Amino acid sequence: MIDMTENSFRSRLLSKDKQGSLEYLKTNLVEEKLVPALHDLIFFSVSVDSTHSSIHPVCIVNAIKNFISDDRLNPSIKLLSFVLEYLFQFDIRESDQSILDQSLKKGVVKTAFIGELEDACQSSQWSKAESLLAEIFLASDQSRGAFDAIAELALQDCPQNALFVYHILRAYQFQERKEDNWTFTCSLFNYMKNKKLPQPHSPEKINLELLWNDIIHNGDLVLFSAMYRILKDNYTRSSGYNREISYWLSKTNFSKQKRSINKNQVIVQKSISFIFLAEKIISMEKPESQKLMDIITLEALRSMMKKSDANTFETLVSRFSYFSL
């Protein structure tokens, strides 16, 4: 399903040609080629086997893509190089096509039901679920229907899965190429398979304004931001996503240990360069795992600060040390 001749950058990524990929980025990111290059980085991030990663690669690529969108005329090679170094640590998943081939050997699938897939996942029958996933994908003319259904299932455990679900949904929306649907679907399925899912939840009434105020002062902003943005976006299965998110927002204690803030060290700016801050983060002497978490946190802060609210802005600037780098 992958045509490696159609795009030289994608072919370099998939052949694990690190030097060739870096050279492409350094010489081809004129404005009209930036978006296709980001498409290919996203595609590569959902093509890898991320079983043992604490933060899925698509979360990092989508975060960097969001930073770069702040200045498309001058895309940060430093950030893109960091992404390449991270992505090339992973092996490419090799089972995607074979799953479809096995389904095709059974003959043409005329009907397949999402409900059966959901039941198989709910009861942890992952081998059966994988077969149904392929059948539904083929029967639906390779649409994103199975992808969306799996996303809803994953959100039954928002504390574990909401961050990944948010980033892969947004990465898909940015790319939205039918020929890549199966790779995205397999990436999402592989992320959640072999995990025990809670039962579906009933929707709950929530006061987002009160939650927002609690989170910006002393809460898990990364998780809240992911859930909040899914809740505010429009998707085919938004009703299901919102049902699960409203439940978790009503039940989850987002509070973290209070941080002491030295007001004298706070630098309040009306205009913040998140590209500059992200570049500073990846340049610091700290473990890669911490850099990755800092990038994810900074991207969540960028999203929250888009709300035109002086209290949000000043509170978050005072809470996080990134703004005094």
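This is a predicted model: local features need pLDDT of at least 70, side-chain atom pairs count only at pLDDT 80 or more; totals for chains, interfaces and linings use all residues.
Local features need pLDDT of at least 70, side-chain atom pairs count only at pLDDT 80 or more, and totals for chains, interfaces and linings use all residues. Residues are numbered from 1 along each chain as its sequence is written, and side-chain values use heavy atoms, with hydrogens and water left out.

Start with helix H2, residues 18-28. Helices here are DSSP runs of H or I with at least four residues, numbered from the N terminus. The buried residues of H2 are Gly-20, Ser-21, Leu-22, Tyr-24, Leu-25 and Asn-28. Buried means under 20% relative accessible area, exposed means over 50%, and partly exposed lies in between (1.4 Å probe, protein chains only). What do the buried residues of H2 pack against? Their partners are helix H1 (8-14), helix H3 (31-45) and helix H5 (77-87). Contact means heavy atoms within 4.5 Å.

Next comes helix H9. Nine of the ten residues of H9 are buried, so the helix is largely enclosed by the rest of the structure. The buried residues run through Ala-146, Phe-147, Asp-148, Ala-149, Ile-150, Ala-151, Glu-152, Leu-153 and Ala-154. Their cover includes helix H7 (114-122), H8, H10, H11 and H14.

Arg-144 sits in the loop between H8 and H9. Is Arg-144 buried or exposed? Arg-144 is buried, because its relative accessible area is 16%. Its side chain joins that of Gln-173 in a polar contact of 2.7 Å. A polar contact is a pair of N or O atoms within 3.5 Å; within protein, one must be able to donate a hydrogen and the other to accept it, and residues adjacent in sequence count only if both atoms are side-chain atoms. Leaving aside neighbours within four places in sequence, Arg-144 is in contact with Leu-169, Tyr-172, Gln-173, Glu-176, Asn-181 and Tyr-235.

Now look at a helix pair. Two packed helices are described by the angle between their axes and the distance between the axes. Helix H13 (residues 221-232) and helix H14 (residues 238-251) pack at an angle of about 145 degrees, and their axes are 9 Å apart. Axes are lines fitted to C-alpha atoms, for helices over the stretch in contact, and angles run from 0 to 180 degrees between N-to-C directions. On the H13 side, the contact is made by Phe-224, Met-227, Ile-230 and Leu-231. On the H14 side, Tyr-241, Asn-242, Ile-245, Trp-248 and Leu-249 take part. Eight of the contact residues are nonpolar, one is polar and none is charged. Here Ala, Val, Leu, Ile, Met, Phe, Trp, Tyr, Cys and Pro count as nonpolar, Asp, Glu, Lys and Arg as charged, and the others, Gly among them, as polar.

Ser-246 is also found in H14. Ser-246 is buried, because its relative accessible area is 6%. Its side chain reaches the backbone oxygen of Arg-243 at 2.9 Å. The side chain of Ser-246 also reaches the backbone nitrogen of Glu-204 at 3.0 Å. Apart from neighbours within four places in sequence, Ser-246 is in contact with Pro-203, Glu-204 and Ile-206.

Side chains of opposite charge can pair when their charged atoms come close. A salt bridge is a side-chain nitrogen of Lys or Arg within 4 Å of a carboxyl oxygen of Asp or Glu. How many salt bridges does a search of the whole structure find? The search finds 17.

One of them joins the side chains of Asp-180 and Arg-10 (3.1 Å, N to O). Asp-180 lies in the loop between helix H10 (158-175) and helix H11 (181-192) and Arg-10 in helix H1, so the pair ties together parts that are 170 residues apart in sequence. Both Asp-180 and Arg-10 are buried.

Another salt bridge joins Asp-141 and Lys-178 (3.0 Å, N to O). Asp-141 is in the loop between helix H8 (126-139) and helix H9 (145-154), and Lys-178 is in the loop between H10 and H11, 37 residues apart. Asp-141 is exposed, at 52% relative accessible area. Lys-178 is partly exposed, at 42%.

Arg-229 and Glu-299 also meet in a salt bridge (2.7 Å, N to O). Arg-229 lies in helix H13 and Glu-299 in helix H16 (residues 288-304), so the pair ties together parts that are 70 residues apart in sequence. Arg-229 is buried at 12% relative accessible area, and Glu-299 is buried at 0%. Elsewhere, salt bridges that share partners join Glu-118, Glu-152, Arg-237, Arg-243 and Glu-244 into one network.

Definitions and conventions: Helices (H or I, at least four residues) and strands (E, at least two) are DSSP runs, numbered from the N terminus.
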